[in-house]
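Hi everyone, thanks for coming.

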Amino acid sequence: MYAKPSSDFSADTAIDLRSDTVTKPSDGMREAMACAAVGDDVYGDDPTVAALEARVADMLGKDAGLFVTSGTQSNLTALLTHCGRGHEYIGGKDYHIGKYEAAGAAVLGGISPCLMNAGPDGGLDPEAIGEAVRPDDVHFAVSKLLCLENTYNGRVVPQETIEAGIETARSHGLNAHLDGARLMNAVIRSNRSPKEMVAAFDTVSLCLSKGLGAPVGSVLVGDAHFIERAKRGRKILGGGLRQAGVLAACGLYALEHNLDRLADDHRRAATLADELGVLKGVTIEPGTVQTNMIWMTVPDRAGETFSTFMRDRGLILADPSGPNRMLRLVTHLNIGDDALPKIVNAFAEWCSPTHH
């Protein structure tokens, strides 16, 4: 039985599958914010910020951490600290740093990107990394940094690929940075410790506002000297905050309560993929649903807009894009088991031949 279209759409009760950034703070997280001890963090006086930075640094096996407003600011702060004007970083063409962060490294840092195609698993070929390193020649930018990403489109990049790439980079004198926006999804999926997964990196950016459910913030970690220098980059980017403990408290709460439950998001994504993948006109590549993301193609429907159709059934989704009509679904802590039949029912109705 298909879901009945509703004209009384409410964003508060709708099932939002666009991203795991859309989560709302829980009552417990809001209470943690209200009770947070605060101080002026630019002076280093905010105890809650300091506690969050220390916790993430310890969790990832690094000396120190730096709380910043966003994953974009974290990555750019890292690049500005690792590199100078006329330097170059090597990364993936579809990685977030190279594609979705407004070319900040080039615009604000004078840092040139050298971008290559990632493999299907999201990894960069170690041999290609070595070939991308510039020779010591006045005609070229200076290769300084390798930037990797994990997860990549919801897939866990193989650890051996990551470590081989970093080994190649190091042999050429490069440092290594990880955009670990959804690193904890990779940790839960791979059943490895966070320290083990990032041990080979000099710096790591961990986002708190995606699957972990905080409303804002990321933490950049590295050795103590690097983080001290990174404070200047953060300041240049307008990221020096004052009584930021009210935000850092969300991150601490998320790490305490929302880490292990990422497995629930992965399970629900796998369940949806199994049930949606049998619908007519839907294609989901086998093996791609590893964490909380489903990448799928959906059929067209003459005279109807996909996002409007789904909105009428209480789902918030982007319209499919590209020639293959590719669509991303993301599960998160605000999507429970009770939402899954409603999602499948809406897609079944869209894909039903009798409705075309």
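How much space lies in the largest cavity? About 50 Å³. Before I go on, this is a predicted model, where local features need pLDDT of at least 70, side-chain atom pairs count only at pLDDT 80 or more, and totals for chains, interfaces and linings use all residues. Residues are numbered from 1 along each chain as its sequence is written, and side-chain values use heavy atoms, with hydrogens and water left out.

By cavity I mean a set of points, on a 1 Å grid over the protein atoms alone, where a 1.4 Å probe fits but cannot get out; lining residues have an atom within 4 Å of a point. Volume is the space filled by probe spheres set on the points, with grid points joined across faces, edges and corners.

Around the largest one you'll find, among others, Y95, L124, E149 and T161. Both β5 (142-149) and α7 (159-171) supply at least two lining residues, and α7 gives the largest share, 3 residues. Helices (H or I, at least four residues) and strands (E, at least two) are DSSP runs, numbered from the N terminus. This lining splits into 6 nonpolar, 4 polar and 1 charged, with Ala, Val, Leu, Ile, Met, Phe, Trp, Tyr, Cys and Pro as nonpolar, Asp, Glu, Lys and Arg as charged, and the others, Gly among them, as polar.

Now the second largest cavity, at about 40 Å³. Its lining includes R182, M184, C207 and K210, and α8 (183-190) and β7 (203-207) each give two or more residues to that lining. By class, that's 5 nonpolar, 2 polar and 2 charged.

Methods. On a 1 Å grid over the protein atoms alone, a cavity is a set of points where a 1.4 Å probe fits but cannot get out, and a pocket is an open set with protein on both sides within 12 Å along at least five of seven lines; lining residues have an atom within 4 Å of a point.
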